[in-house]
Amino acid sequence: MRTTLTLDDDVIARLQAEMRRTGRPFKEVVNEFLRAGLAQRRAVKATEPFKVEPLSMGPPLPGRSYDNIAALLEQIEGSDHR
């Protein structure tokens, strides 16, 4: 299929460098990189999303509370915890 495509200068420079390096025509280089880019996007979408598994910390020690983490850190580490 023939189409008109506007490429940024940096993209053209990289494609031309690849053409010089490989000796292949512009059409082949563009198609190769488009295929690689499209395949990479599919591979990224296929990965499982990152999941955080909660871990029970158990009940806090007497006199401590998990409700205010800043206050808890100050009790444990002192005022220099930041």
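Does glutamate 18 count as buried or exposed, and at what relative accessibility? Glutamate 18 counts as buried, at 12% relative accessibility. Buried means under 20% relative accessible area, exposed over 50%, and partly exposed in between (1.4 Å probe, protein chains only).

This is a predicted model: local features need pLDDT of at least 70, side-chain atom pairs count only at pLDDT 80 or more, and totals for chains, interfaces and linings use all residues. Residues are numbered from 1 along each chain as its sequence is written, and side-chain values use heavy atoms, with hydrogens and water left out.

**Overall fold**

- The protein chain has 3 helices and 0 strands. Helices (H or I, at least four residues) and strands (E, at least two) are DSSP runs, numbered from the N terminus.
- The order of elements from the N terminus is α-α-α.
- Helix α1 covers residues 9-22. Helix α2 covers 26-46, and α3 covers 69-77.
- The radius of gyration of the protein chain is 28 Å, whereas a compact globule of 82 residues would have one near 12 Å. The radius is taken over C-alpha atoms, and the globule rule is 2.2 Å times the number of residues to the power 0.38.
- The C-alpha trace spans about 75 × 30 × 25 Å along its principal axes.
- Arginine 35 and isoleucine 76 sit 41 residues apart along the chain, and their C-alpha atoms are separated by 55 Å.

**Surface and burial**

- Of the 82 residues in the protein chain, 6% are buried.
- The protein chain exposes about 8000 Å², and carbon and sulfur atoms supply 56% of that area. Accessible areas come from the Shrake-Rupley method with a 1.4 Å probe; for residues, only the protein chains shown count as cover.
- Met57, Tyr66, Ile69 and Leu73 make a nonpolar surface patch of about 380 Å². Patches are made of residues with over 30% relative accessible area and no salt bridge: like charges are joined within 9 Å, nonpolar side chains (Val, Leu, Ile, Met, Phe, Trp, Tyr) within 5 Å.
- Tyrosine 66, one of the patch residues, lies in the loop between α2 and α3. Its relative accessible area is 31%, so tyrosine 66 is partly exposed.
- Arginine 35 belongs to helix α2. With a relative accessible area of 57%, arginine 35 is exposed.

**Glutamate 18 and its partner**

- Glutamate 18 is part of helix α1.
- Leaving out residues up to four places away in sequence, glutamate 18 touches Gly23, Val29 and Phe33. Contact means heavy atoms within 4.5 Å.
- Arginine 21 and glutamate 18 form a salt bridge, with the closest N and O atoms 2.7 Å apart. A salt bridge is a side-chain nitrogen of Lys or Arg within 4 Å of a carboxyl oxygen of Asp or Glu.
- The two residues, arginine 21 and glutamate 18, are 3 residues apart in helix α1, so about one helical turn separates them.
- An α-helix has 3.6 residues a turn, so residues three or four places apart point the same way.
- Arginine 21 is exposed, at a relative accessible area of 62%, whereas glutamate 18 is buried, at 12%.

**Salt-bridge network**

- The whole structure holds 3 salt bridges.
- Arg24, Glu28 and Glu32 are linked in a network of salt bridges.
- Between glutamate 28 and arginine 24, the closest N and O atoms are 3.5 Å apart.
- Between arginine 24 and glutamate 32, the N to O distance is 2.1 Å.
- Arginine 24 is partly exposed, at 26% relative accessibility. Glutamate 28 is partly exposed at 42%, and glutamate 32 is partly exposed at 34%.

**Ends of helix α3**

- Asparagine 68 lies in the loop between α2 and α3. Its relative accessible area is 44%, so asparagine 68 is partly exposed.
- Asparagine 68 caps the N-terminal end of α3, with a side-chain oxygen 3.3 Å from the backbone nitrogen of alanine 70. A polar contact is a pair of N or O atoms within 3.5 Å; within protein, one must be able to donate a hydrogen and the other to accept it, and residues adjacent in sequence count only if both atoms are side-chain atoms.
- Glycine 78 follows α3, and its phi is positive, near 90°.
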